[in-house]
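Thanks for coming. Please have the sequence and the structure open.

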Amino acid sequence: MSSSTEAAPAAEIDVRGPRFGAAVTSVVLAAALATGSHWLLEWQALAFAVGAAAGVARSPYGLLFRLLVRPRLGPPQESEHPAPPRFAQAVGLLFTVVALIGYGVGQEWLGMAATACALAAAFLNAVFGYCLGCEMYLLLRRATS
């Protein structure tokens with residue numbers, strides 16, 4: 001029997017949602033890297049912040065997936081716990097903030113490197129379904145338990 005003070009387990013999410021978000025993120029970060037657009041990086045940082053704070057299902061790309069893409073797909077074959085992708089969003093936020101700081105203080109190399117790292121991670125998730133941030137989350141959980 002569970003007590004009323006215990007947190008309810010988080011609902012599993014469709015694995016295709018975070019992969020869709022990673023694909024959109026890849027496009028946004030590639031465009032930001034190619035153009036040097038700070039507003040694209042700021043947008044992506046905001047998207048990561050919402051995903052980290054509210055969960056990937058409530059992020060802008062998660063909402064886009066749920067409203068426009070998911071209804072056109074069959075039922076999900078796989079689901080996952082939302083905590084690892086949420087942690088991955090926080091890692092993405094960290095990299096985009098470092099990129100924005102780098103550009104902001106005139107260290108273009110830092111901005112480009114941090115953007116490229118975030119792009120590489122998003123691309124791996126979008127194309128191969130390998131989420132670096134999720135793997136980091138699992139390693140940290142194992143190391144601390």
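Is Ser26 buried or exposed? Ser26 is buried, with a relative accessible area of 9%. Buried here means under 20% relative accessible area, exposed means over 50%, and partly exposed is in between, with a 1.4 Å probe and protein chains only.

Two remarks on the source. This is a predicted model, in which local features need pLDDT of at least 70 and side-chain atom pairs count only at pLDDT 80 or more, while totals for chains, interfaces and linings use all residues. Residues are numbered from 1 along each chain as its sequence is written, and side-chain values use heavy atoms, with hydrogens and water left out.

Back to Ser26, which sits in helix 1. Helices are DSSP runs of H or I with at least four residues, strands are runs of E with at least two, and both are numbered from the N terminus. Leaving aside residues up to four places away in sequence, Ser26 touches Leu119, Ala122, Phe123 and Ala126. Contact means heavy atoms within 4.5 Å.

Leu119 takes us to the core. The largest nonpolar core has twelve residues, among them Val28, Leu40, Leu41, Tyr61, Tyr103 and Leu119. Such a core is a set of buried Ala, Val, Leu, Ile, Met, Phe, Trp, Tyr and Cys residues joined through side-chain atoms within 4.5 Å. Two or more residues of this core come from each of helix 1 (16–35), helix 2 (38–54), helix 4 (83–104) and helix 5. As for Leu41, its contacts beyond four places in sequence are Leu29, Ala32, Thr96, Ala99, Leu100, Tyr103 and Thr115.

Together with Val127, Phe128, Tyr130 and Leu132, Phe123 makes a nonpolar surface patch of about 490 Å². Patch residues have over 30% relative accessible area and no salt bridge; like charges are joined within 9 Å, and nonpolar side chains (Val, Leu, Ile, Met, Phe, Trp, Tyr) within 5 Å. The areas come from the Shrake-Rupley method with a 1.4 Å probe, and for residues only the protein chains shown count as cover. Helix 5 (residues 108–128) gives the most to the patch, with three residues. Phe128 is in helix 5, and at 58% relative accessibility Phe128 counts as exposed.

Next, the rings. There are three aromatic pairs, counted when ring centres of Phe, Tyr and Trp (its six-membered ring) lie within 6.5 Å; planes under 30 degrees apart are stacked, over 60 edge-to-face, and the rest tilted. One of the pairs, Phe20 with Phe65, is tilted, at 5.9 Å centre to centre and 40° between the planes. Phe20 is in helix 1 and Phe65 in helix 3 (residues 60–69), 45 residues apart. Phe65 is buried at 6%, whereas Phe20 is partly exposed at 21%.

Last, charges. Which residues are linked in a network of salt bridges? They are Asp14, Arg16 and Arg70. A salt bridge is a side-chain nitrogen of Lys or Arg within 4 Å of a carboxyl oxygen of Asp or Glu. Arg16 and Asp14 meet at 2.8 Å, N to O, and Asp14 and Arg70 at 3.4 Å. Asp14 lies in strand 1 (residues 13–14) and Arg70 in the loop between helix 3 and strand 2 (79–80), so this pair ties together parts 56 residues apart in sequence. Asp14 is buried at 13% relative accessibility, while Arg70 is partly exposed at 26%.
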